[in-house]
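Me: Please examine the following model with attention to its side-chain contacts.

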Amino acid sequence: MADVPNDAPEHCPGTSSDQAGKSSACQGCPNQNTCASGAAKAPDPAIEEIRQKLKHKILVLSGKGGVGKSTFSALLSHALASDDSKEVALLDVDICGPSIPKIMGLEGEQVHQSGSGWSPVYVEDNLAVMSIGFLLSSPDDAVIWRGPKKNGMIKQFLRDVDWGDVDYLIVDTPPGTSDEHLSIVQYLSGAGIDGAVIITTPQVLGSPLLWHFAASTAHEKKSIGHHKQFCSSCNVFIGIQ
């Protein structure tokens, strides 16, 4: 869940839950008193910071990997940045499998810390990119994190990166509807999400491996349904590519 603090116990009910600070899982948690008092349910001040500097926000989703989601995110970012009067940012929130650095030709690049936050990597003067891939010592390093740590990193990407004033933020998400999606929607919903694009692929039934394609097609239909349900529950407008 996106409302679980980084230092929370494993079965934390979440700060927005009615059981926050009261359930058995809260015993010994350093946030127990804060959650029990209701203070944790107050609006996150970081949301206002995000709203002020990021104008239009678009999520790119997919039900499974390998359908071209990150490629689409990169192409959309380049297309928007072709207008020199617009500032564009591409944020890779696929924490465990970042592919944007490679797709954008930025492997080996690193971000730097300054007084105004992390400096993103620029592909063009008006196209900034941020990914956990820039924070790893090697592209082969594995990121094995639980949900709360992923959530904290996504919040840092939105709040602590020195994006400047951005006209379009494109968010490349991992496959499915998991911690990363819940986090990004929570942090951006108060600032306003303009929409989401679901990437899927047509299936060729004229293949000798018909059952593979049939199973894949069924999976895609199911994944589209899941994403429609997810976006509907989060009040996010969707398009299907």
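**Side-chain contacts**

Reply: In this predicted model, Glu180 and Lys150 form a salt bridge whose closest N and O atoms are 3.2 Å apart. The pair links distant parts of the chain, with Glu180 in helix H6 (residues 179–189) and Lys150 in helix H5, 30 residues apart.

Me: Is Glu180 buried or exposed?

Reply: The relative accessibility of Glu180 is 3%. Buried means under 20% relative accessible area, so Glu180 counts as buried.

Me: How does Lys102 pair with Glu107, and what is the distance between the closest N and O atoms?

Reply: Lys102 is exposed, with a relative accessible area of 58%, whereas Glu107 counts as partly exposed at 47%. The two residues form a salt bridge, and the closest N and O atoms are separated by 3.6 Å.

Me: Which class describes the ring pair of Trp118 and Phe157?

Reply: The count of aromatic pairs comes to one. The ring centres of Trp118 and Phe157 lie 6.0 Å apart with the planes at 55 degrees, so the pair is tilted.

Me: How many residues apart in sequence are the parts that the pair of Trp118 and Phe157 ties together?

Reply: Trp118 counts as buried at 13% relative accessibility, and Phe157 is buried with a relative accessible area of 0%. Trp118 lies in strand E4 (residues 117–119) and Phe157 in helix H5 (residues 147–160), so the pair ties together parts that are apart in sequence by 39 residues.

Me: Where is Asp84 placed?

Reply: Asp84 belongs to a negative surface patch, together with residues including Asp83 and Glu87. At 67% relative accessibility, Asp84 counts as exposed. Its place is in the loop between helix H3 (69–81) and strand E2 (88–92).

Conventions. Residues are numbered from 1 along each chain as its sequence is written. This is a predicted model: local features need pLDDT of at least 70, side-chain atom pairs count only at pLDDT 80 or more; totals for chains, interfaces and linings use all residues. Side-chain values use heavy atoms; hydrogens and water are left out. Patches are made of residues with over 30% relative accessible area and no salt bridge: like charges are joined within 9 Å, nonpolar side chains (Val, Leu, Ile, Met, Phe, Trp, Tyr) within 5 Å. Accessible areas come from the Shrake-Rupley method with a 1.4 Å probe; for residues, only the protein chains shown count as cover. A salt bridge is a side-chain nitrogen of Lys or Arg within 4 Å of a carboxyl oxygen of Asp or Glu. Lys and Arg count as positive and Asp and Glu as negative; His and the chain ends are not counted. The place of a charge is taken as NZ of Lys, CZ of Arg, CG of Asp or CD of Glu. Helices (H or I, at least four residues) and strands (E, at least two) are DSSP runs, numbered from the N terminus. Buried means under 20% relative accessible area, exposed over 50%, partly exposed in between (1.4 Å probe, protein chains only). Rings of Phe, Tyr and Trp (its six-membered ring) pair if their centres lie within 6.5 Å; planes under 30 degrees apart count as stacked, over 60 as edge-to-face and the rest as tilted.
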